[in-house]
Amino acid sequence: MIFLYDNILTLMEKKLSKLKSKMLEVELFIGEQLEDLTNDQVLKAVDKKYGSYWVEYAKELLDEFAEEVRATRIADSWGG
């Protein structure tokens, strides 16, 4: 029974590692695309390259990035 548990853990670890790698890949892709495309175009490019599953993740990343930009602009406007 312990052997089965170890196999399940190993499979889960592999899937998690693969998911983390894909998340990083999508994040890097988005960063590259933002140089030339609008957010909507980036989302379409993510859908085309990675599939609809990753579009929500891309939206979250774009929202986080926009929030960071806003925070930086506010800090800069206050002289910080």
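The points below begin with the basis of the values and then take the features in turn.

1. Basis. This is a predicted model, in which local features need pLDDT of at least 70 and side-chain atom pairs count only at pLDDT 80 or more, while totals for chains, interfaces and linings use all residues. Residues are numbered from 1 along each chain as its sequence is written, and side-chain values use heavy atoms, with hydrogens and water left out.

2. Rings of Phe, Tyr and Trp (for Trp, its six-membered ring) are taken to pair if their centres lie within 6.5 Å, with planes under 30 degrees apart counted as stacked, over 60 as edge-to-face and the rest as tilted. By this rule the count comes to 3 aromatic pairs. The rings of phenylalanine 29 and tyrosine 50 have centres 5.4 Å apart and planes at 80°, so this pair is edge-to-face. Phenylalanine 29 belongs to helix H1 (residues 2-33) and tyrosine 50 to helix H2 (residues 39-50), so the pair ties together parts that are 21 residues apart in sequence. Helices here are DSSP runs (H or I, at least four residues), numbered from the N terminus. Both phenylalanine 29 and tyrosine 50 are buried, where buried means under 20% relative accessible area, exposed means over 50%, and partly exposed lies in between (1.4 Å probe, protein chains only).

3. Together with Tyr57, the residues Tyr53 and Trp54 form one aromatic cluster.

4. Largest pocket. Which residues line the largest pocket? The lining is made up of Glu27, Ile30, Gly31, Leu34, Leu61, Leu62, Glu64, Phe65 and Glu68. The elements that give two or more residues to this lining are H1 and helix H3 (55-77), and the largest share, 5 residues, comes from H3. The search runs on a 1 Å grid over the protein atoms alone, a pocket being an open set of points where a 1.4 Å probe fits, with protein on both sides within 12 Å along at least five of seven lines, and lining residues having an atom within 4 Å of a point. The volume of the largest pocket is about 160 Å³, a volume being the space filled by probe spheres set on the points, which are joined across faces, edges and corners. By class, the lining has 5 nonpolar, 1 polar and 3 charged residues; Ala, Val, Leu, Ile, Met, Phe, Trp, Tyr, Cys and Pro count as nonpolar, Asp, Glu, Lys and Arg as charged, and the others, Gly among them, as polar.

5. A search of the whole structure finds 3 salt bridges, each defined as a side-chain nitrogen of Lys or Arg within 4 Å of a carboxyl oxygen of Asp or Glu. Glutamate 25 forms one with lysine 22, the closest N and O atoms being 3.8 Å apart. Both residues lie in helix H1, 3 residues apart, about one turn of the helix. Glutamate 25 is partly exposed, at 35% relative accessible area, and lysine 22 is partly exposed at 30%. Glutamate 25 and tyrosine 50 are 25 residues apart in sequence, with their C-alpha atoms 9.8 Å apart in space.

6. Glutamate 56 forms a salt bridge with lysine 59, with 3.3 Å between the closest N and O atoms, and both lie in helix H3, 3 residues apart. Arginine 70 forms a salt bridge with glutamate 67, at 3.1 Å between the closest N and O atoms, and these two are likewise 3 residues apart in helix H3, separated by about one helical turn. Relative accessible areas are 47% for glutamate 56, 35% for lysine 59, 46% for arginine 70 and 45% for glutamate 67.

7. Helix H3. H3 has 23 residues and reaches 33 Å from its first C-alpha to its last, close to the 33 Å expected at 1.5 Å a residue, the expected span being 1.5 Å times one less than the number of residues. In H3, Val55, Tyr57, Ala58, Leu61 and Leu62 are buried. H3 is followed by glycine 79, whose phi is positive, near 85°.
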